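User: I would like to learn how to read a few features of a protein model. Could we take them one at a time?

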Amino acid sequence: MELRVLRYFLAVAREESISGAAEYLHLTQPTLSRQLMELEAELGKQLLIRGNRHITLTEEGMLLRKRATEILNLVERTQAELQESDEAIAGEIYIGGGESDAIRLLAKVAQQLQQSSPQIRYHLFSGNAEEVGERLDKGLLDFGVMIEPGDLKKYDYLKLPYTERWGVVMPKSSPLAAQEHIRPQDLWELPLLISRQEMDGGRLLHWLGKGIEDLNIVATYNLVFNASLLVDEGLGYALTLDKLVNTSQDSRLCFRPLSPALEMGLFVVWKKFQMFSKAAERFLALLRRAVEAQEALSPGQPSP
């Protein structure tokens, strides 16, 4: 497969039309159609369903769209890294992670590095540990931010001086809002919104002391912002980490921590034997220094 043909295929998948893609690519329709048929013949699979009004992808076509996007992104990253100047630190840094207030530390490091290396660009990907790990493994991310007990065996990592505290987001009008802490039995009969990652046997279910089938789980979520809107509309109570949902004075929501407390550490991870670009290498060095400085300020204590 040629990269040029993969770009042609992605254009057709996006435009859902040979004519539209040909116009975008500045090719004739017969030329583009021939290239796609040769790609299908090379792979031995039908990739496109050619309808009267628009083109749709077969299952194999959807897989190729996903893989082609990853391949071309990786090629562009590699080209950018190889073209970096020896004198100035420039390039792209790719960071993935779930929602966490610990991202602030990485943001401070990025801001510090930006002062001396303004040509560096940062690309953020938000997702759960499984999605971040998949992109790390494929070389699409330099760093991932993971909450324990993620799978750290296949990565090198740096433990951040933060812990994340679990709790419940609920309307301020809820009777539970009068409590300082939320116990497991307070939630057993209530409609709950739970992270999909925790549904796979995470520590949160162990804390609740009930199986999935015995809880009233009305919704699952990937990232908590949209889940907080469901809570705001009265659908249920969201179990989530602190500082991710707006619970200010102007908000109708509040956060109450769990008791017994449920806290988790955070790690910045990267692939073992990773060959970093100069930009990513410098970023990691500054991050290590920031972590050491934070730990020196409050030895043995998590950052607020």
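User: What share of the contacts in the protein chain with a separation of 6 or more comes from residues 24 or more positions apart?

Analyst: Keep in mind that this is a predicted model. For contacts with a separation of 6 or more, residues 24 or more positions apart account for 73% in the protein chain. The chain itself has 10 helices and 11 strands, and its C-alpha atoms fill a box of roughly 70 × 55 × 40 Å along the principal axes.

User: How many of the 304 residues count as buried?

Analyst: Burial is judged by relative accessible area, with under 20% as the cut-off. By that criterion, 43% of the 304 residues are buried. The accessible surface comes to about 16,900 Å², and carbon and sulfur atoms hold 50% of that area.

User: Which strands pair with strand 3, and how many bridges join them?

Analyst: Pairing is read from the bridges between two strands, with at least two required. Strand 4 (residues 120–126) runs parallel to strand 3 and is joined to it by 7 bridges. Strand 5 (residues 143–147) also runs parallel to strand 3, with 3 bridges between them. Glycine 96 shows both pairings: it stands opposite phenylalanine 125 in strand 4, and its bridge partner in strand 5 is glycine 144.

User: Is the β-α-β unit of strand 3, helix 5 and strand 4 right-handed or left-handed?

Analyst: Handedness is read from the path that leads from one strand over the helix to the other. Here strand 3, helix 5 (residues 103–116) and strand 4 form a right-handed unit.

User: What should I look at in the backbone outside the strands and helices?

Analyst: Look at phi and omega. Histidine 26 has a phi near 60°, a positive value in a residue other than glycine. This histidine 26 sits in the loop between helix 2 (18–25) and helix 3 (29–43).

User: Is histidine 26 buried or exposed?

Analyst: Histidine 26 has a relative accessible area of 74%, so it is exposed, the cut-off being over 50%.

User: Where does lysine 243 lie, and what is its phi?

Analyst: Lysine 243 is in the loop between strand 9 (237–241) and strand 10. Its phi is near 70°, again positive in a residue other than glycine.

User: Which residues does the cis peptide bond join?

Analyst: The cis bond joins serine 259 and proline 260, with omega about 0°. Proline 260 belongs to the loop between strand 10 (253–257) and strand 11 (263–271).

Terms used: Residues are numbered from 1 along each chain as its sequence is written. This is a predicted model: local features need pLDDT of at least 70, side-chain atom pairs count only at pLDDT 80 or more; totals for chains, interfaces and linings use all residues. Side-chain values use heavy atoms; hydrogens and water are left out. Helices (H or I, at least four residues) and strands (E, at least two) are DSSP runs, numbered from the N terminus. Buried means under 20% relative accessible area, exposed over 50%, partly exposed in between (1.4 Å probe, protein chains only). Contact means heavy atoms within 4.5 Å. Accessible areas come from the Shrake-Rupley method with a 1.4 Å probe; for residues, only the protein chains shown count as cover.
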